[in-house]
Structure formats: C-alpha cells, structure tokens
Amino acid sequence: MKKILSFFLVLSLTLASFAQLQDPVKWTYSVKDLNETESELIFTGTLDNGWHIYSQFTDDNGPLGISFQFNSSNDYKLIGKVSETPKPHEEFDQDFLCTVRSFSDKVTFRQKVKRINTKDFKVSGTFSYQACNNGSCIAPEDRDFSFSVKGAEAAVTEEDIEALEKDSAALAEVVPDSVKTAAVAPAEDTNAPEKKEKSLLVIFLLALVGGIATMFTPCVFPMIPMTVNFFMNGTDNKRESRRQALFFGFSIVFLFAVMGAILALCFGPEALYFIGTHWIPNLIFFIIFIVFSLSFFGLFEIKMPEKWINKSDEQADKGGFLAPFFIALTTVLVSFSCTGPILGAALVTLTTSSTDRMVSLLTMLGFGIGFALPFTLLALFPSVLKNMKSGGWLNTVKVVFAFLELAFGLKFLQMADQYCNWGILDREVYLALWIVIFAMLGFYLLGKLKFKGDEDLEHIGVVRLFLSIGVFAFVVYMIPGLWGAPLKGIAGFVPQMETQDFNIERSIEEHACTVAYNAAIDDLGPRKYTDKLHMPTGFHGFFDLEEAKAYAKKTNKPIFIDFTGKTCANCREMEHYVWADKEVKEILTTKFVMCGLYVDENTIDLPENEWVTDDKGRVLKTLGKRNLYYEKSMFNMNAQPYYVIINADGKVLTKENHKYDRDVQKFIDFLNEGLSNM
C-alpha cells in the first residue's frame, strides 16, 4: 500500500512540475489542392483563453511576430508570402511606442506552393512565435512542421518556374490587406459586463460635462440672450412656452445624436479606432486646433456660411414647434466654431481607449444633453437673464481658450509623432513649449499682454488674480520636468520619460552605479554583451550567468536572475511599476548581483565552446536559445518575466520563484526571503 501511495505521490509531483511548461497554442495542419499544380498549406492555431500571438507584420520595434521558414526543395516553389486571417487586432503600445498587431482565439496562416514533382512529397520547415497573456510571455521557440503533398498532375516547365520566381519576388513585397486596413475592435470581455457598463457611464458623464462647459465659450455665450429673448417675447401661455422650451432642448440633443449615429453606424469602430490612434487624423486635429487657436487670438474669424444661418433664422420666425427647432439649429450652427474643437477632442480622447460602436453615440448624446441643458433651463425661466450682459470679459475668455487650444493641440501632434517615430516632440521639447504657453497665459491674465478686442485694464479683479496664480503655479510645477521629474499629475499628456534626452536622476544614478560596479568588477574583465544588452535605467548587472556567479562568490551576495525578453511587454511593466519602487530599487542595486538572461536574443552567436545540446539533440548556438533552455530545463518554465534567486553555487534560495505580479509588497517579500536564506 505504501508503495502504491509513493508511486502516485511521485507521479503527481512529476505532473505538477511539467504543468509549469505552458503551451497555450494548439496547431493543426492541412493541405488544400487548388488546381493541377498548386496547393495551399494551412496552419490553424487555436489559442487558450486570454492568450495572443503577434502578426508576422508587426512593427520592427514591437514584439516578435510569428515567422515561417520553409526548407528548400526541388519538389516545390513558394508562391508569395504567408497570408493570415482574420484581420489582426491593432493597438498602439505605450511600452514599444509602435502599433502592435495580434491574434487571439483562432488564427489561420496559408502558404501557396507550386507543385513541381509529379510524385508525392513533403514540405517541411520550422516556425516560431511569441505567445503572451496579461501576466507572462513565452519566448519564441522553433517548431517543426511537415505537410504531405500530392504530386503535380501536370508538367511544370522551366519557363513556368522562372516566371513563378519573379512573381513570388514581387508578391513578397506586398503587405496583405488585412494589415493595411484598420483593425477590428478587440473582443469584448463577456465576463465583465459591469465594468463595460461603468466605462460607458463614465464616457457619457464626461461628454455631459464637456457639453455644459461650452456654455462659457465666446461663441455660445452670446447665444443665450438671443435664445432667452425669443422665449420672453413668445406666447403668453406659460404652459405652451415651457413645451416649446423643452422641445427646443430636445432638438439640440437630437441634432447632436444624429451626428453621433452617423459616426457610429456609417463608419463603425474601425473609423473610431483609426481616429484615435493613426497619425493622419491626429495630425489633422492638431492643424484644426492650431487654426481655431489663431482665430481666437484674432488673426481671422471662423463663421458658418451666412446662407445656412439666414435660412435657419427665417424658419424660426414662422412660430409653432418649427420655431424652437430652428432656433436650436441656429444655436448649433453658430456655436460650431467653439463646440467643434471641444467635441473633436472629446471624440478623440474617448475613442482612443475604446472602439465600441456605442462610444461615439454616447459621446454625442451626452455632449448634446450637456450643451442643451443650460439653454433649456434658461428658456424655461427666461427672466433669470434679464440682467445678463456681455462685454470685454468675453474676449478674455476667447483668448484664454486660444492658449488652451494651442497647448492641447500639441498632444495630437505628439501622438502623430509617436506613431511615426519622427522624434519632433521629445519630452523636454514638449514641456518647454507648455511652459512658455502657460507662462504667456499667466502674463495675459495679469494684463501684461493684449490682443485684438481686449479692453484697457486699470486694475485686475480677484478672479483674474487667482487664475494667474494657478497658471504660474502650474508653470513652476512643470519646470523640474525638464530635468527628469516624473510630473505624475500630467503624465497622460506629456510624452514618455524614455523620450527625454537628459534626465538628471538617471545620469546621477548611472554614474554612481557605473563607478561602483566598474570598481568592483575590474578584476573580472569587461562584462559580456553590454554592447547590445542593457539593464533598465538605474540598474546594472550581468548578462552571462557564469560571470554573475563569479562576482557573487567574490562579494558573497545572492544572484537575482531576471528571465526576460527584448520584446516582452509584461517585463517592461514589471520594471516600470515594481522595480522603480524606491525600496525595491535599493534592495536590488545594493544587496543582489543582478543577472538579466534574455531568452529572445538570437542575434548574438555563442562561441563554439559555449554551445549547448538540448534534450532533443538540437545544438543551441545563440544566447537567447541557451537562456531559454536553461529556464526550461532547470525551472520547468518557459514564460517571462520569471525571477529566480540563487546563490553562487546555483542553489535556489526561495520556496517559490516569482512571476508577473505588480504587487510591490509581494515582490519585496520575495527578495527578503532570498536574502534571509542566503
């Protein structure tokens, strides 16, 4: 009985250890004959829930896409490149600073071949891909494939082969339509309806607030007395007057909702995603913001065509329910020059993070309700505005909006710059422009700058004083950002820290750490691979385990092994959110020997004496393949990031190794466990 229990115990432990090796993609292979001499090789991948792989056409700066290598043979010729279906999901990745294309659930790859041999033959080769989920990535590893293909039913001449090779060379340069077109919307999380409902509610409320805010713009505010005047001089029947006022408000909402429906139904989520991420619409919005900014500064005036406005006014004079509708239409048309950029910004901001068809409709509906609400309330109670007057302060509002539009317009230029990697708006350049713009706004509020239409200021009021204090305080807050301060309050508006050329904290840390490390490892000689591999800012270590062990023996410190990848997004998240913590950083840099083992670095060839033969008899000749084999063979793990703490003899110092988890305290506990067991 004890032997049986022992057998099952060993069996369960063995299965548990092997269960750590993840294989989230299941592949099937099939062949489809197209005609007498052509066939199609079909790779079908079914992905586990939550996992995705990357398109072979992903940006060079992005994660590793799937790649195929076909063994050369005289039995067949390839026709063009491997095609992929369905269309990949596209998303701009803030870590890689490029558009990433990926597949989830199920994906099919097809390769056409010309059959030359009249006898049956095999098409073989390898393919590799990187699979990721929200917590880890699996490094790419070569997979073998083999297709059994029937022989050609007709002879293929030398001329046919030469023509085929020319056509294939031309086809290889063509990017499939699935990559050129806008991406489809990401799959909805059916397990989180409450989250989606909340996000749509937030979008609606933000649009509602934006609509209300437009009442204080110089194009909309002058419409209030005109609107109230219409209802004050209308029917004496209070009930009828209020019905007309409500219909007036409904008409405004209707006009905005119609525009939202057109965006949602005619253009769909693809257009919304395109608007939110692609450089072309972002550049267009930047130009629009600059044009409106120049208009508000007084360089020229933007108006809707007089013909449209006059016709609307003529219909308003006819009375009945047509009158409030055309008053609403006139209000929307006249206010266009101020609501346009605000509404455009709202649409771009909201559609950047969502591609649901409901987004544009809810945005326009919420904006319309917010826009109509003040007008409707004042139309219901017109006597409130009897004493409301416009004046020079409206021009001040106009100029303030000009400064704000100029500043926020740069955000769209920065998004286009980031998409195309132009390098125009680095973080310090962007901040310098904002500092100047808001400083000039502060001087304007103090009356030190004057624009066309401004009245002479003998003194400033309390409101302008406090506004100028707030603006100058914001300017002072931004100035340290020029030297690398994080500026978390506006992190969503400014470019990433990685785009900043000069970071005083990074420079000091790098200098201090470099001096300390170089002084300590001079006797070990230069570290390997430092010309191609780098630790995150502020961290220094080794990229070869044997070097790390030698240094650990000398200093009597434990080794922190970071199984990572150059294209591992989850690895970058851990570095940005966990390693950057002050306590974590201090522990890693002072109490550990850090060793970064890149599992996807296959451009670095190992010298022959460092080649490794794996359990399948394959000779591993690159640094990445050797590191991946070490991770798999020693720790039964093939996902990244993965953290292991060992001593100089290779003994693991913790009960469990650490995976992707942004909980800082858990990571600190993991490090402290390794230190205490040392």
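Hi everyone, and thanks for coming. A word on the ground rules: this is a predicted model, where local features need pLDDT of at least 70, side-chain atom pairs count only at pLDDT 80 or more, and totals for chains, interfaces and linings use all residues. Residues are numbered from 1 along each chain as its sequence is written, and side-chain values use heavy atoms, with hydrogens and water left out.

Let's start with the whole chain. It has 20 helices and 18 strands; these are DSSP runs, H or I of at least four residues for helices and E of at least two for strands, numbered from the N terminus. Of the 678 residues, 47% count as buried, where buried means under 20% relative accessible area, exposed over 50% and partly exposed in between, with a 1.4 Å probe and protein chains only. Among contacts (heavy atoms within 4.5 Å) with a separation of 6 or more, 73% join residues 24 or more positions apart.

Now for the helix pairs. Two packed helices are described by the angle between their axes and the distance between the axes. Here the axes are lines fitted to C-alpha atoms, for helices over the stretch in contact, and angles run from 0 to 180 degrees between N-to-C directions.

How do helix 13 and helix 14 pack? Helix 13 (residues 427-445) and helix 14 (residues 462-478) have axes 9 Å apart and an angle of about 160°. The two are therefore roughly antiparallel; under 35 degrees counts as roughly parallel, over 145 as roughly antiparallel, 65 to 115 as roughly perpendicular and the rest as oblique. Their crossing is left-handed, meaning that the near helix is turned anticlockwise from the far one by less than a right angle, while clockwise would be right-handed. On the helix 13 side, the contact residues include W434, F438 and F443, and helix 14 brings V471, F472 and M478, among others. By class, this contact has 15 nonpolar, two polar and one charged residues. For the classes, Ala, Val, Leu, Ile, Met, Phe, Trp, Tyr, Cys and Pro are nonpolar, Asp, Glu, Lys and Arg are charged, and the others, Gly among them, are polar.

Next, helix 18 (residues 582-591) and helix 20 (residues 664-677): their axes come within 10 Å and cross at roughly 25°. That is why they are described as roughly parallel. This crossing, too, is left-handed. E583, V584, I587, L588 and K591 of helix 18 meet V664, F667, I668, L671, N672 and L675 of helix 20. That contact has eight nonpolar, one polar and two charged residues.

On to helix 19, residues 623-635, which reaches 18 Å from its first C-alpha to its last. Its buried residues include L628, Y630 and F635. S633 also lies in helix 19, but S633 is partly exposed at 40% relative accessible area. After the helix comes N636, with a positive phi near 50°.

That brings me to backbone details. Most residues other than glycine have a negative phi, and most peptide bonds are trans. Y529, in the loop between helix 15 (504-521) and helix 16 (545-555), has phi near 65°. Is Y529 buried or exposed? Y529 counts as buried, at 13% relative accessibility. N556 has a positive phi of about 55°, and N556 is exposed at 60%. Finally, the peptide bond from T85 to P86 is cis, with omega near 0°, and P86 sits in the loop between strand 5 (76-85) and strand 6 (89-93).

Notes: Expected span 1.5 Å × (residues − 1).
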